[in-house]
Amino acid sequence: MSDLRPVEPVVRICGVIAKQAAWRQEAIDWLVQRWGPVCETSQPLAFEAGGFYTPTMGDGLVKQVVAFEGFADPAGLAPWKTSTNRWESELAERIDADVPRPINLDVGYITQAKWVLATVKDRDHRMYLRDGIFAEVTLNYVGRRWIHHRWTYPSYRTDPIADFAMRCRDRLRDHILANGLTRTVTA
């Protein structure tokens, strides 16, 4: 029988998608009030999803990803997603928008080896967690760089996202090494 090993902490991240910069900022402020200060931010990037979100969110969507200070237990992913789903609805009531869904919150986490996103949509590459929430590995860290998969959304295949992920990974790695939190087996 294998011995259980401690799980390394993760960097909690959230992609904030909206067509208006002010809406994105309001959502980021909302997240900060609930999850604490932001430690890393990506540049705003065009978000393309084959028109899937256009009927509810409009055209010209932009995504900005933020990471939160501190480190989290990855077991929190499903509750984070159920919370962000609820917060999207609450934000939609607060924002004076011309679309029914002004904000999309794309929550996940970064480890030393992967970027994981939560979703309510089941596909062949996603694993069920609980409460209607699935997880997918969107990017992997291989050969000192971030690589994508056939299912990775175009906005996650960009150099700015890889740079953001690297900054998060470096922050996490420094924390893990400084605190002896590696998943090593002890005799």
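Buried means under 20% relative accessible area, exposed over 50% and partly exposed in between, computed with a 1.4 Å probe on protein chains only. The model is predicted, so that local features need pLDDT of at least 70 and side-chain atom pairs count only at pLDDT 80 or more, while totals for chains, interfaces and linings use all residues. Residues are numbered from 1 along each chain as its sequence is written, and side-chain values use heavy atoms, with hydrogens and water left out.

**View 1. The pair of Phe52 and Tyr53 is edge-to-face.** Rings of Phe, Tyr and Trp (its six-membered ring) pair if their centres lie within 6.5 Å, planes under 30 degrees apart being stacked, over 60 edge-to-face and the rest tilted. Here the centres are 4.9 Å apart and the planes stand at 85°; Tyr53 is buried at 8% relative accessible area, whereas Phe52 is exposed at 52%.

**View 2. Tyr128 and Phe134 form an edge-to-face pair.** Their ring centres lie 5.1 Å apart with the planes at 70°, and Phe134 is buried, with a relative accessible area of 11%.

**View 3. Arginine charges sit over the rings of Trp35 and Tyr141.** A charge counts as over a ring if NZ of Lys or CZ of Arg is within 6 Å of the ring centre and within 35 degrees of the ring normal. Arg12 is 4.3 Å from the centre of the Trp35 ring, and Arg169 is at 3.8 Å from that of Tyr141. Trp35 also belongs to an aromatic cluster with Phe68, Trp80, Trp87 and Tyr109.
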